[in-house]
Amino acid sequence: MNTKTVNKKSFKLLPGKEKIKTLLEYATLAPSTHNTQPWIFSVAENSCKIYVNPSLYLREADRKGRYIAISLGCLIENLVIAAKHYGYYQDIEYNIALKNIKQYKKGDKFLIAEVFLENNGAKEENNELFDAIPKRFNARGPFEEKALPKPLKDQLCGIKKEIPEVDMTMVADKEKILEIARLTAKGMMAAHKNVNFRRELSGWVRNAFSRKRDGMSWKSMRIPAPFAGFISYMIRFFNMGPVLGKLNFKSVASAQAVCVFGSGENMFSWLQVGRAAEKVMLSTYAKGFNTSVYVAAIDIDSLRKNLKSIIDSESEPQFLLCLGYMDQKHPKTARKDIKEVIINE
């Protein structure tokens, strides 16, 4: 779950820009890689421009720029859901000149999309996805033996039709899930052999004394309290890949289903993957179940090729979620104040 509390002031009494800022409070509860929150906004009276912050591009964990785009896609989906809830969604225009994130430098303005927001009189007040936005979290650990209900499965399959740019493959076969778990463990071990990857990751791990409003807290990572004070040091200087590989294997292997998102290899397609993934995460949470993000099998080309073969997909795998049930509390993750991510043009 998320630590930020959304402004509960009567939405209809707020002026135009303040309405949009309230909608952005929900939008920014979206997940992002390492909880970097790589978004910037420019707010007008009836629209909001969404930019990506190139300085938050993770050069080791996200070499293609895939995950920063998927993170922005999750944010866009939250914004659209919140706007529809209040009857303020009009349209969205994507930047047709989108380039790969690696082509931009720190300080560049990198426009992703502009969302037009104005009263349309068509509220969706009973939308369970909207209610799930502030409660959603990335679950960590093994799932319990509790089957996904058929209505939820049917709902998730319906998302394929809503976002045609994305190829969703739902895997429920236990043998295939075990194969995916093995690939995930291999990917995790390979990643942690890379000193530069560990150095970058350690910079986003927040120990028990940190007051930063981004990154991954030791609690959300389910790190035992005795290690909380120096977990960043451990990740940076010790290869914990074998241990983490085993833990990841157990978690993925326990999933009731694995959802793999495929698409084209470009920024626009990855944004759509993010929108589809956020729909799946919110839909799953709304029905009392959980999702976990595991992308280690996608980051390495050879493993990704094997994953594509396992799920028998024509499109390239871009993102992976595990679905199941966990009867345990998860700590909230930090979010920046909305004032920190709004710029004046």
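Is Glu-18 buried, partly exposed or exposed, and what is its relative accessible area? Glu-18 is partly exposed, with a relative accessible area of 33%; buried means under 20% relative accessible area, exposed over 50%, and partly exposed in between (1.4 Å probe, protein chains only).

This is a predicted model, in which local features need pLDDT of at least 70 and side-chain atom pairs count only at pLDDT 80 or more, while totals for chains, interfaces and linings use all residues. Residues are numbered from 1 along each chain as its sequence is written, and side-chain values use heavy atoms, with hydrogens and water left out.

**Salt bridges**

- The structure holds ten salt bridges, a salt bridge being a side-chain nitrogen of Lys or Arg within 4 Å of a carboxyl oxygen of Asp or Glu.
- Glu-18 pairs with Lys-21 in one of these, and their closest N and O atoms are 3.4 Å apart.
- Both Glu-18 and Lys-21 belong to helix H1 (residues 16-27), where they are three residues apart, about one turn of the helix.
- Helices (H or I, at least four residues) and strands (E, at least two) are DSSP runs, numbered from the N terminus.
- Lys-21 is partly exposed, at a relative accessible area of 27%.
- Arg-275 and Glu-77 also form a salt bridge, with 2.7 Å between the closest N and O atoms.
- This pair links distant parts of the chain, with Arg-275 in helix H9 and Glu-77 in helix H2 (residues 66-85), 198 residues apart.
- Arg-275 is buried, with a relative accessible area of 12%, and Glu-77 is buried at 2%.
- Lys-308 and Glu-316 meet through their side chains in a salt bridge of 2.7 Å, N to O.
- Lys-308 counts as partly exposed because its relative accessibility is 23%, and Glu-316 is likewise partly exposed at 28%.

**A buried charge without a salt bridge**

- Glu-278 is located in helix H9 (residues 267-286).
- Glu-278 is buried but has no salt bridge, and the nearest side chain of opposite charge, that of Arg-136, is 4.1 Å away.
- For charge, Lys and Arg count as positive and Asp and Glu as negative, while His and the chain ends are not counted.
- Apart from neighbours within four places in sequence, Glu-278 is in contact with Ala-30, Pro-31, Cys-74, Glu-77, Asn-78 and Arg-136, where contact means heavy atoms within 4.5 Å.

**Cysteines**

- Zero disulfides are found in a search of the whole structure, a disulfide being a pair of cysteine sulfur atoms within 2.5 Å.
- Cys-48 is in no disulfide, and the nearest cysteine sulfur, in Cys-74, is 16 Å away.
- Cys-48 is buried, at a relative accessible area of 0%.
- For Cys-74, the closest cysteine sulfur is that of Cys-259 at 12 Å, too far for a bond.
- Cys-74 is buried, with a relative accessible area of 2%.

**Positive phi angles**

- Most residues other than glycine have a negative phi.
- His-34 is not a glycine, yet has a positive phi of about 60 degrees.
- His-34 sits in the loop between H1 and strand E1 (39-43) and is buried, at a relative accessible area of 13%.
- Gln-37, also not a glycine, has a positive phi of about 55 degrees.
- The loop between H1 and E1 holds Gln-37, which is buried with a relative accessible area of 2%.

**Surface patch**

- A nonpolar patch on the surface is formed by Phe-230, Tyr-233, Phe-237 and Phe-238, with about 450 Å² of accessible area together.
- Patches are made of residues with over 30% relative accessible area and no salt bridge, with like charges joined within 9 Å and nonpolar side chains (Val, Leu, Ile, Met, Phe, Trp, Tyr) within 5 Å.
- Accessible areas come from the Shrake-Rupley method with a 1.4 Å probe, and for residues only the protein chains shown count as cover.
- Phe-238 lies in the loop between helix H7 (231-237) and helix H8 (241-253) and is partly exposed at 47% relative accessibility.

**Asp-337 and Arg-213**

- Asp-337 is in the segment after strand E10 (316-324) and is partly exposed, with a relative accessible area of 40%.
- Asp-337 and Arg-213 are 124 residues apart in sequence, and their C-alpha atoms are 8.2 Å apart in space.
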